[in-house]
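User: Can you walk me through this one? Keep it quick.
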Amino acid sequence: MKHALLGVVALALSACSPQAEKVYTVDELLADETLLAKVIGECRNEPGALRGTANCQPAEAADGKLRLERMRKSLGG
């Protein structure tokens, strides 16, 4: 009985907790440039608070890759 009550309480508390933000991979961000622009914008808007977060690091990496690809194309490579 005690374990069932603890299970119900744990379930209730987990339902009330805020949803965790989805963490995107570099490949996901490269495939969706609109999403990349949104994440990069948020990260650059609050660099002190968000710089080391799980989405800002892959977003910066994806942005760097896209910039290099665009430079290569513009230079004829």
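Analyst: Ground rule for packing: contact means heavy atoms within 4.5 Å. Helices (H or I, at least four residues) and strands (E, at least two) are DSSP runs, numbered from the N terminus. This is a predicted model, where local features need pLDDT of at least 70, side-chain atom pairs count only at pLDDT 80 or more, and totals for chains, interfaces and linings use all residues. Residues are numbered from 1 along each chain as its sequence is written, and side-chain values use heavy atoms, with hydrogens and water left out.

User: How many helices and strands does the protein have?
Analyst: Five helices and zero strands. The pattern along the sequence is α-α-α-α-α.

User: What covers the buried residues of α3?
Analyst: The cover includes α2 (26-31), α4 (47-50) and α5 (56-74).

User: Which residues of α3 are buried?
Analyst: Leu 35, Leu 36, Val 39, Ile 40 and Cys 43. They span an arc of only 125° around the axis, so they sit on the same side of α3. That arc is taken from the directions from the helix axis to the C-beta atoms. Buried means under 20% relative accessible area, exposed over 50%, partly exposed in between (1.4 Å probe, protein chains only).

User: And which exposed residues are on the face turned away?
Analyst: Thr 34 and Asn 45.

User: How many disulfides?
Analyst: One, counting a pair of cysteine sulfur atoms within 2.5 Å as a disulfide. Cys 43 and Cys 56 form it, with their sulfur atoms 1.9 Å apart. Cys 43 lies in helix α3 and Cys 56 in helix α5, so the pair ties together parts that are 13 residues apart in sequence.

User: What about the torsion about its S-S bond?
Analyst: About -95° for Cys 43 and Cys 56, so the disulfide is left-handed.

User: Are those cysteines buried or exposed?
Analyst: Cys 43 is buried at 7% relative accessible area. Cys 56 is buried too, at 3%.

User: Switching to Asp 63. Where does it lie?
Analyst: In helix α5. Asp 63 is buried, with a relative accessible area of 12%.

User: What does Asp 63 touch?
Analyst: Leu 36, Ile 40 and Arg 44, leaving out residues up to four places away in sequence.

User: Last one: what share of the protein counts as buried?
Analyst: 17% of its 77 residues.
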